[in-house]
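I opened this notebook to record what I looked up, element by element. The entries follow the order in which I went through the model.

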Amino acid sequence: MAAVLDHIHMGSTNIYTSAYNLTKTTGIGHYDGGFMSSVTIGHKAVPLGGQVYIEIESIVDPFAVTPDKEPWFYKKALKAGTEIWSGLCLRVDTMEELGEIAKRHGGTISPRAGRRTRPDGPGVKFWSAPSIAGQGSPWEVGKPNWYCWEDRMYCHPSGQPVINTPGLVSPQGLDYLEMGGTEKEMEDWLGQPPSTLKMRFNGKSLGLYAIGVKTDTGKIIEIRRPSATQELTVETSSR
Amino acid sequence: MGLHIDHISLASPNIFRSADALNKETGLGYWTGEWIRDTAVHIVPLGPPGNFIEISGFVDVHTLKNMDEHKQWILDITETGDHFNGLCLGVDSMEELEAFAKHFGSKVNVPDNPDPATHFQRANGYILPMASTPSGKRSVWMKGLPNVYFYPDRTHHSSGQPVHPCEGMVRPTGIKWIEYGGTEEEMAKWLGIPNPGEVLKMKFNGKSLGLWAVCVGAEGKPDVVVRRPAASDAVPVSKFAD
């Protein structure tokens, strides 16, 4: 079975301001997603409809990580002076499918499951692939990776209620993803036609550049941020 | 109500982890509270008549590049974990608050900047109107002393907001007592009232100034005691003597 889009990672330096500003400018609501297993990273979730969501993440513990160990997406967001699109995450239903994808890319399923502690219920557990020895995350080079949730759509972040906020719209799923690179490059990586994921290509460096979100008002809302692979010119020193 | 406890501040190195840990330790629920710039709080309601713990900490670590005295204090007291760093009393009218301001030789702090970014705001942008005293460049919390608040409208008071559901949740029935450093005489002098122990359900342990524990009633269950070191245990109040 072909993979489907699961979520989009937005790297941030302050998940509160990023989530608030995103809701304020688009009307798309968010909620508190808790923290990741590393306890370093806080999480806000933005459901987009169609079983897809944005996860906004950043460091929320000044003692948990020294500046030289900060996550790459955090450093990129810092350098950009804004949030970045750091990763695109596809979903498969079974570990067998995930294993086949990992094998096709010459890697394995990540040896450790990811975990997130939610403020409002059971924790969630997931596995990702490919994990390739000696290589960083596919995200860093602008390529999607794949996820398999422990219990598929149970407590899936795309289906949780958002905080009531004036001006909310009801998102109805994605209309398009604007990607760098070419359709051929992406098809080779995905092993399925990019059109099945509503991808468009702008020919720039690989990575995500913008998404179009359908809403109940009939309007398509575009959310555009720098891609993870984009050359960033704003210099900001670290802590 | 007259002079009463409104809320308690618990400084944390990681508000997500601390709220989760307190919840698992006590069964007390919390909700995702306000934030301002680099700081956010998770709120733990404690029951009637309207008390809560705010678990506060930095959520934008890059801003620590530009340090000031208050930020440094928070970092210093949270380096070794959670510490109670503030006791916030409440009164029922602006007149009472002004009387406290006069007693403190200060003025009432009324946040009236129209820019929402200068206020603690909730995830949906709501800003809870409040006034406090004393007003000054250096918070009295750093000296281990309480300040006083007045809310013109308590409709959306932090103590009354729904918490995230959790397993084994207890229903808090209000503060039964708090344990404070110093002596009752010191507190009486600071507040200008004769018997703060009785009025505010305070016990005094003679240690360094600041809050050391809070006891909360729980419906159908044993009382919950939340015990953490006072901020003055990590950074002496003498550091902030005028």
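I began with helix α1 of chain B and listed its buried residues, which are B:Ile15, B:Phe16, B:Arg17, B:Ser18, B:Ala19, B:Asp20, B:Leu22 and B:Asn23. For "buried" I used 20 or more other C-beta atoms within 10 Å of a residue's own, with 12 or fewer counting as exposed, anything in between as partly exposed, and C-beta atoms placed from the backbone. Helices (H or I, at least four residues) and strands (E, at least two) are DSSP runs numbered from the N terminus.

Before going further I noted that this is a predicted model, in which local features need pLDDT of at least 70 and side-chain atom pairs count only at pLDDT 80 or more, while totals for chains, interfaces and linings use all residues. Residues are numbered from 1 along each chain as its sequence is written, and chains are lettered from A and ligands numbered from 1 in the order in which they are written.

**Helix α1 of chain B**

I checked the span of α1(B), residues 15-26: its 12 residues reach 16 Å from first C-alpha to last, close to the 16 Å expected at 1.5 Å a residue, where the expected span is 1.5 Å times one less than the number of residues. Just after this helix, B:Gly27 takes a positive phi of about 85°. I then asked what the buried residues of α1(B) pack against. They pack against elements of both chains, namely β2, β3 and β6 (114-117) of chain A and β3 (39-47), β4 (51-58) and β11 (221-227) of chain B. A contact here is a pair of residues whose C-beta atoms, placed from the backbone, lie within 7 Å.

**Contact between the chains**

The contact takes 26 residues from chain A and 23 residues from chain B. On the side of chain A that touches chain B, α1 (15-26) and β2 of chain A each supply at least two residues. The residues on that side divide into 14 nonpolar, eight polar and four charged; Ala, Val, Leu, Ile, Met, Phe, Trp, Tyr, Cys and Pro count as nonpolar, Asp, Glu, Lys and Arg as charged, and the others, Gly among them, as polar.

**B:His42**

I looked up B:His42, which is found in strand β3 of chain B. Is this residue buried or exposed? B:His42 is buried, because 27 other C-beta atoms lie within 10 Å. Leaving aside its neighbours within four places in sequence, B:His42 is in contact with B:Ile15, B:Ala19, B:Tyr30, B:Thr32, B:Gly33 and B:Ile55.

**Strand β1 of chain B**

Seven of the eight residues of β1(B), residues 4-11, are buried, so the strand is largely enclosed by the rest of the structure. Seven bridges join β1(B) to strand β5 (residues 83-90) of chain B in the antiparallel sense, with B:Gly86 as the bridge partner of B:Ser9. Five bridges join β1(B) to β4(B), and these two strands run parallel, with B:Ser56 as the bridge partner of B:Ala11. I took two strands as paired if DSSP finds at least two bridges between them.

**Sheets of chain A**

Eight strands of chain A close into a barrel in the order β1-β4-β3-β2-β6-β7-β8-β5, with mixed pairing. Within chain A, strand β3 (residues 41-49) is mostly covered, eight of its nine residues being buried. Strand β2 (residues 31-36) pairs with β3(A) in the antiparallel sense over four bridges, and eight bridges join β3(A) to strand β4 (residues 52-59) of chain A, also antiparallel. The hairpin of β3(A) and β4(A) has two residues between the strands, and A:Gly50 there takes a positive phi near 65°.

I also found an open sheet of four strands in chain A, in the order β10-β9-β11-β12 and with mixed pairing. Strands β10 (199-201) and β12 (220-224) of chain A stand at its edges, each with a single partner strand, so one side of each is left without a neighbour in the sheet.

**Nonpolar cores**

The largest nonpolar core has 95 residues, and those with the most contacts inside it are A:Ile8, A:Val46, B:Val44 and B:Leu211. A second, separate core of nine residues includes A:Val92, A:Ala102, A:Trp146 and A:Cys148. Such a core is a set of buried Ala, Val, Leu, Ile, Met, Phe, Trp, Tyr and Cys residues joined through C-beta atoms within 7 Å.

How values were computed: Contact = placed C-beta atoms within 7 Å.
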